[in-house]
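This report walks through one protein model, element by element. Keep the sequence and the coordinates open while reading.

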Amino acid sequence: MKDTHQFLQRCLALGKQAAEKGNSGVGAVIVKDGQVIGEAEEAVKTKNDISCHAEMEAIRQVVKHLYTNDLSDCILYSTHEPCIMCSYAIRFYKIKEVVYLNQSSCLGGVSSSMPLLTTNKVPSTWSKAPIINHVQEYN
């Protein structure tokens, strides 16, 4: 749990940076073998690009750095439940676990009527659904 706490703290710091720039206060970190290999803050308004969610930006970093589409050894931490778009990328890149703090009020990949993170109705080339860990009590 200590590592989870540290990774979520980093997500919160990234989210704060994003909010200070006028973006939504979302931060994401991707971890492999206990080490951060990618991190990003929300940049939708800054970059004027709806696809620049923190999770997407972190995934882009890692895919570019590792030169692979297989992130099955990785865990994604985020301040927020990944949306449908981010959930698509998480499933496509086979991320094994998702840990998040705040549930989405709309279009969440777990809590909405389109639970892309948990459904088995996905292409056969995708991995099974990742482990989902919604951290509800966090200090």
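Just after α3, Y67 takes a positive phi of about 55°. A positive phi also follows α4, at K94, where the value is near 65°. The model is a predicted one.

## Overall build

The protein has four helices and five strands. From the N terminus on, their order is α-β-β-α-α-β-α-β-β. The C-alpha trace spans about 40 × 30 × 30 Å along its principal axes.

How does the radius of gyration compare with that of a compact globule? For 139 residues, the globule rule gives a value near 14 Å. The protein has 14 Å, so the two agree. Buried residues account for 45% of the 139 residues. The accessible surface is about 7600 Å². Carbon and sulfur atoms hold 50% of that surface. Among contacts between residues at least 6 apart in sequence, 54% join residues at least 24 apart.

## Helix α3

Helix α3 covers residues 54–66. It has 13 residues, and at 1.5 Å a residue it should span 18 Å. Its end C-alpha atoms are 18 Å apart, so the span agrees with expectation.

The buried residues of α3 are A54, E55, M56, E57, A58, I59, V62 and V63. They pack against β1, β2, α2, β3 and α4.

## Helix α4

In α4, the buried residues are C86, S87, A89, I90 and R91. The elements that cover them include α3, β3 and β4.

## Nonpolar cores

The largest nonpolar core holds 22 residues. Within it, I30, I59, L71, L76 and I90 touch the most other members. Five elements are listed as giving two or more residues to this core: β1, α3, β3 (74–80), α4 (84–92) and β4 (97–102). Which element gives the largest share? It is α3, with six residues.

L76 shows how these parts meet. Leaving out residues up to four places away in sequence, L76 touches V29, I30, E55, I59, I90, I95, E97, V98 and V99. Three of these partners, I30, I59 and I90, are also named among the core members with the most contacts to other members. Another core, of 11 residues, lies apart from the largest one. Its members include F7, Y77, V99 and V135.

## Salt bridges

How many salt bridges does a search of the whole structure find? There are four. One of them joins the side chains of K21 and E41, with 2.7 Å from N to O. This pair links distant parts of the chain, 20 residues apart. K21 sits in the loop between α1 (2–20) and β1 (27–32), while E41 is in strand β2 (residues 35–41).

Are K21 and E41 buried or exposed? K21 has a relative accessible area of 51%, so it is exposed, the cut-off being over 50%. E41 has 14% relative accessibility, so it is buried, the cut-off being under 20%.

K47 and E57 form a salt bridge through their side chains, at 2.5 Å from N to O. K47 lies in helix α2 (residues 44–47) and E57 in helix α3, so the bridge ties together parts that are 10 residues apart in sequence.

E57 also meets R60 in a salt bridge, again 2.5 Å from N to O. These two are three residues apart in helix α3, so about one helical turn separates them. Salt bridges that share partners join K47, E57 and R60 into one network.

What is the relative accessible area of E57? It is 12%, so E57 is buried. R60 has 37% relative accessibility, so it counts as partly exposed.

Definitions and conventions: Residues numbered from 1 in each chain as written. Predicted model: local features only at pLDDT ≥ 70, side-chain atom pairs only at ≥ 80, totals over all residues. Heavy atoms only, no water. Buried < 20%, exposed > 50% of the residue type's maximum accessible area, 1.4 Å probe, protein only. Core = buried A, V, L, I, M, F, W, Y, C linked by side-chain atoms within 4.5 Å. Contact = heavy atoms within 4.5 Å. Expected span 1.5 Å × (residues − 1). Rg over C-alpha atoms; globule rule 2.2 N^0.38 Å. Areas by Shrake-Rupley, 256 points an atom, 1.4 Å probe, with all protein chains shown as cover.
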